[in-house]
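Please look through the sequence and the model below before reading on. The report that follows takes up the strands, a helix, the ligand and the aromatic rings in turn.

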Amino acid sequence: MTDKIETLAVHAGAEPDPHTGAVVPPIQLSTTFKQDGVGGLRGGYEYGRSGNPTRDALEETIAALEGAAHGFAYASGLAATQNILYLLSPGDRLLMSDDVYGGTWRLADKVWRRYGIETDTVDLRDLSAVEAAIGAGKTPRMVWVETPSNPLLKVIDIAGVARLAAAAGALTVVDNTFATPYLQRPLEHGADLVLHSATKYLGGHSDVIGGLVVTSSDELAERLRFHQNAAGAVPSPFDCFLVMRGIRTLAVRMERASANAGTLASWLADRAEVDSVHYPGMPDHPARDVVERQMRLPGAMLSFELHAGEGAARRLAAATRLFTLAESLGAVESLIELPAPMTHASVAGSSLAVPAGLVRLSVGIESVDDLRADLEAALSASAG
Ligand SMILES: *Cc1c(COP(=O)(O)O)cnc(C)c1O
């Protein structure tokens, strides 16, 4: 069709219905499909867990956006993670970024370890450390990248990690939730599998939980398709519709949210109360060259610390009015949170723990003047 993502976001998976001309793919709720004689399937559909037209439309959409041959939809981002981990076998080693999403780490560490998957972490920003970690002990079967990371916005060189992983025969997985295919397309940098929590930017409106995986490997796709049906963590047709509806406006939402975040990040960096700002768009971000090579825009997530510490950070998060104090991210409305006691409570005390006074913003698409005024008033209120 085109390789322009703005066009794909609007049109992929949205062929007008051949029977009715409906421009929007219908929400197909039927759980079972009439067969024309035993095994005579119409369009390949037989039972809703194995395949559903609304889910197919979403899977086609995400594959097109990521430039992949195959897409898969799941009931949540963690269900998508689980389905990628089904590709491993007992005794396999999984090497993860030392800054992965807390729920990803919990699943690997608390669940899959019991089934013999050995997970360890390394700072994937440091390619010589990655090479050393891959070479130390058993060769990993899979390397798990998340970039930019949550909540410190560390940026990993996907091509660099994928090259080292491939040389060792390991698969590279990229959690692309923070960037979305609008900002970054990991398959183009050598990743084998890309994962999304569609709950965040792809859904984009804080009203649906979902997960997506893409790959261009036919062999991996066949195994993913088997497990999608065998384990059954599929999304409802209505959830698929909501994620697809969100994706239609992905390009314009990401442009606006990223521009707003850039403005707020520079403004915060100049404030006397603010200690350090973590944002891939800052001129002094430690991986500025990788950001420029790998990402179209720096995105809309940022975090910062205050000189006055944790108490002031808690007061700030309680004092904003437009920025809602809540977990999650990636929607039209701006959110504020303290990762240590909230989203990252599950990794407290582990090597993945984050600074107690860190404040994280998910910047939305409101007027940046209003957002800045909200932060300014809250910073003044929290100083006392
Ligand atoms: C939210 C999130 C997940 C988990 O997704 P759910 O939809 O909540 O299951 C995984 N990775 C990242 C980076 C996330 O932000």
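## Terms and basis of the model

Two strands are said to pair if DSSP finds at least two bridges between them, and helices (H or I, at least four residues) and strands (E, at least two) are themselves DSSP runs, numbered from the N terminus. Strands of a sheet pair through backbone hydrogen bonds, either parallel or antiparallel.

This is a predicted model, in which local features need pLDDT of at least 70 and side-chain atom pairs count only at pLDDT 80 or more, while totals for chains, interfaces and linings use all residues. Residues are numbered from 1 along each chain as its sequence is written, and side-chain values use heavy atoms, with hydrogens and water left out.

Strand E5 (residues 171-175) and strand E6 run parallel and are joined by 3 bridges, and within E6 the bridge partner of Val 173 is Leu 193. Leu 193 also stands opposite Thr 215 in E7, which leads on to the next pairing: strand E6 (residues 193-197) and E7 run antiparallel, with 5 bridges between them, and Leu 195 has Val 213 of E7 as its bridge partner. E7 pairs as well with strand E1 (residues 70-74), in the antiparallel sense and over 5 bridges, where Ala 73 has Leu 212 of E7 as its bridge partner.

Are the residues of E6 buried or exposed? Of the 5 residues of E6, 5 are buried, where buried means under 20% relative accessible area, exposed means over 50%, and partly exposed lies in between (1.4 Å probe, protein chains only). In a regular strand the side chains alternate between the two faces of the sheet. Both faces of E6 are covered, with Leu 193, Leu 195 and Ser 197 buried on one side and Val 194 and His 196 buried on the other. For strand E7 (residues 211-215), 5 of its 5 residues are likewise buried, and both of its faces are covered, with Gly 211, Val 213 and Thr 215 on one side and Leu 212 and Val 214 on the other.

## A separate set of strands

An open sheet of 5 strands, with mixed pairing, has the order E8-E9-E12-E11-E10. Its edge strands are strand E8 (274-278) and strand E10 (324-325), each of which pairs on one side only. E10 pairs with strand E11 (residues 335-337) in the parallel sense over 2 bridges, and Ile 336 in E11 is the bridge partner of Leu 325.

Helix H3 is mostly covered, since 8 of its 9 residues are buried, among them Gly 77, Ala 79, Ala 80 and Leu 85. Gly 77 also belongs to the residues that surround the ligand, which include Ser 76, Leu 78, Tyr 101, Glu 146, Asp 175 and Lys 200; a residue is counted as near a molecule if one of its heavy atoms lies within 4 Å of it. By class, this shell has 2 nonpolar, 6 polar and 3 charged residues.

Oxygen atoms of the ligand lie 2.9 Å from a polar backbone atom of Leu 78, 2.8 Å from a polar side-chain atom of Ser 197 and 2.7 Å from a polar side-chain atom of Thr 199. On its own the ligand has 380 Å² of accessible area, and the protein covers 93% of this.

## Aromatic rings

A pair of aromatic rings is described by the distance of the centres and the angle of the planes. Rings of Phe, Tyr and Trp (its six-membered ring) pair if their centres lie within 6.5 Å, and planes under 30 degrees apart count as stacked, over 60 as edge-to-face and the rest as tilted. How many aromatic pairs does a search of the whole structure find? The search finds 4 aromatic pairs, including the edge-to-face pair of Tyr 86 and Trp 112, at 5.7 Å centre to centre with 70° between the planes.

Tyr 86 lies in the loop between helix H3 (77-85) and strand E2 (93-97), and Trp 112 in the loop between helix H4 (102-111) and strand E3 (118-122), so the pair ties together parts that are 26 residues apart in sequence. Tyr 86 counts as partly exposed at 22% relative accessibility, whereas Trp 112 is buried at 11%. Trp 112 also forms a tilted pair with Tyr 115, at 6.1 Å centre to centre and 55° between the planes, and Tyr 86, Trp 112 and Tyr 115 form one aromatic cluster.

Note on methods. A polar contact is a pair of N or O atoms within 3.5 Å; within protein, one must be able to donate a hydrogen and the other to accept it, and residues adjacent in sequence count only if both atoms are side-chain atoms. Accessible areas come from the Shrake-Rupley method with a 1.4 Å probe; for residues, only the protein chains shown count as cover. Ala, Val, Leu, Ile, Met, Phe, Trp, Tyr, Cys and Pro count as nonpolar, Asp, Glu, Lys and Arg as charged, and the others, Gly among them, as polar.
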